[in-house]
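Morning, everyone. Please bring up the model on your screens, and let's walk through it together.

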Amino acid sequence: MNNNESFAEILKGLQLKATTRRLAVLSILSGEQAYASPEEIWKKLKRKLNTIGLPTVYRILEELSDNGVITKIIHPSRQLYYYYCGNAGHHHHFICVSCRKVEDLNFCASREIENEVSRNLKGRVLSHILQINGLCEPCSRKKGAINAF
Ligand SMILES: [Zn+2]
Ligand SMILES: [Zn+2]
Ligand SMILES: [Zn+2]
C-alpha cells in the first residue's frame with residue numbers, strides 16, 4: 001500500500017471523502033520532518049494543484065486536525081502550525097520552538113490529573129491536550145536560539 005492509499009483508508013474510516021486536496025495536504029505534511037505553517041503548506045500545494053486558495057487550505061487543515069489525522073501545534077509566538085505524526089498510540093509532543101523539530105514523548109500524567117480533578121473538583125476528565133515547548137539538543141547548545149521567535 002502506498003502512502004496515498006493508506007491516507008485514503010484513514011479518511012474513509014473517518015467518513016471523510018478522500019479528495020485530491022485532502023490527500024495532497026497529507027502527502028505534503030507527512031513528507032515534512034518538522035511542523036509547517038498553513039502558508040508554507042499552501043505554497044507547496046500550489047505546485048501540485050494550481051487552483052487552491054489559502055482559506056481552503058486552512059479549512060482542510062482544521063478538518064484533519066479535528067479528526068485527529070494531524071496535530072495542531074500552537075507555538076509560543078501564537079503562530080499556528082500543523083504536524084503529521086504516524087504514531088497512532090496516545091502520546092504527546094516535545095516541540096523545538098527554534099528549529100521546529102517534533103519528538104514523541106511517551107510520558108503522560110493523565111492518571112494523576114484525573115485523580116486530582118475527581119478529588120479536588122469532583123469533576124471528570126474527558127480529554128486533554130499537552131504540548132511541551134522547548135529547545136532540542138542542538139538548539140539548546142546554540143546561543144540566541146531562544147530569541148529566534
Ligand atoms: Zn531545535
Ligand atoms: Zn507523535
Ligand atoms: Zn496524555
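Domain bounds here come from an automatic or database domain assignment. For this chain, that assignment gives domain 1, residues 1-86, and domain 2, residues 90-149. Keep in mind that this is a predicted model.

How far apart are the centres of domain 1 and domain 2? Over C-alpha atoms, 22 Å separate them. The two domains do touch. Domain 1 gives 10 residues to the contact, and domain 2 gives 11 residues. On the domain 1 side, strand E1, residues 71-74, supplies the largest share, with three residues. What kinds of residue sit on that side of domain 1? Seven are nonpolar, three are polar and none is charged.

Now the overall picture. The chain has six helices and five strands. Follow the sequence and you read α-α-α-α-β-β-β-β-α-β-α. The C-alpha atoms fill a box of roughly 55 × 45 × 30 Å along the principal axes. The chain has 149 residues, and buried ones make up 19% of them. Next, the contacts with a separation of 6 or more. Of these, 47% join residues 24 or more positions apart.

Let's zoom in on the helices. Start with helix H1, residues 3-13, and its partner H2. They pack at an angle of about 120°, and their axes are 10 Å apart. H1 and H2 are therefore oblique to each other. Their crossing is right-handed. Who makes the contact? From H1 we have Asn3, Asn4, Phe7, Ala8 and Leu11. From H2 we have Arg22, Leu23, Leu26, Ser27 and Ser30. By class, the H1 and H2 contact has five nonpolar, four polar and one charged residues.

Look at the spacing of those residue numbers. An α-helix has 3.6 residues a turn, so residues three or four places apart point the same way.

On to the next pair. Helix H2 covers residues 20-30, and helix H3 covers residues 38-48. H2 and H3 pack at about 120°, with axes 10 Å apart. That angle makes H2 oblique to H3. The crossing of H2 and H3 is right-handed. On the H2 side, the contact uses Ala24, Val25, Ile28 and Leu29. On the H3 side, it uses Ile41, Lys44, Leu45 and Lys48. That contact has six nonpolar residues, no polar ones and two charged ones.

Which residues of H2 are buried? They are Arg22, Ala24, Val25, Leu26, Ile28 and Leu29. And what do they pack against? The buried residues of H2 pack against H1, H3, H4 and strand E2, residues 80-83.

Time for the loops. First, Gly53. It lies in the loop between H3 and helix H4, residues 54-66. Is Gly53 buried or exposed? Gly53 counts as exposed, because it has 10 C-beta neighbours inside 10 Å. Now find Gln33. Gly53 and Gln33 are 20 residues apart in sequence, and their C-alpha atoms are 24 Å apart in space.

Next, a backbone detail. Most residues other than glycine have a negative phi, and most peptide bonds are trans. Arg100 is not a glycine, yet it has a positive phi of about 75°. Arg100 sits in the loop between strand E3, 92-96, and strand E4, 102-105. Arg100 has 19 other C-beta atoms within 10 Å, so it is partly exposed. A residue needs 20 or more to count as buried.

The other one is Lys122. Lys122 has a positive phi near 55°, and it is also a residue other than glycine. Where is Lys122? Look in the loop between helix H5, 110-121, and strand E5, 131-134. Lys122 has 7 C-beta neighbours inside 10 Å, so it counts as exposed.

Last stop, Lys101. This residue is in the loop between E3 and E4. Lys101 counts as partly exposed, because it has 17 C-beta neighbours inside 10 Å. What does Lys101 contact, leaving aside its neighbours within four places in sequence? The contacts are Ala34, Cys96 and Cys136. Compare that with Ile129. Lys101 and Ile129 are 28 residues apart along the chain, and 19 Å separates their C-alpha atoms.

That's my tour. Over to you.

Definitions and conventions:
Residues numbered from 1 in each chain as written. Chains lettered and ligands numbered in written order. Predicted model: local features only at pLDDT ≥ 70, side-chain atom pairs only at ≥ 80, totals over all residues. Contact = placed C-beta atoms within 7 Å. Helix = DSSP H or I, 4+ residues; strand = E, 2+ residues; numbered from the N terminus. Nonpolar A, V, L, I, M, F, W, Y, C, P; charged D, E, K, R; others polar. Axes fitted to C-alpha atoms, helices over the stretch in contact; angles between N-to-C directions. Parallel < 35°, antiparallel > 145°, perpendicular 65-115°, else oblique. Left-handed = near helix turned anticlockwise from the far one by under 90°. Buried ≥ 20, exposed ≤ 12 C-beta atoms within 10 Å, placed from the backbone.
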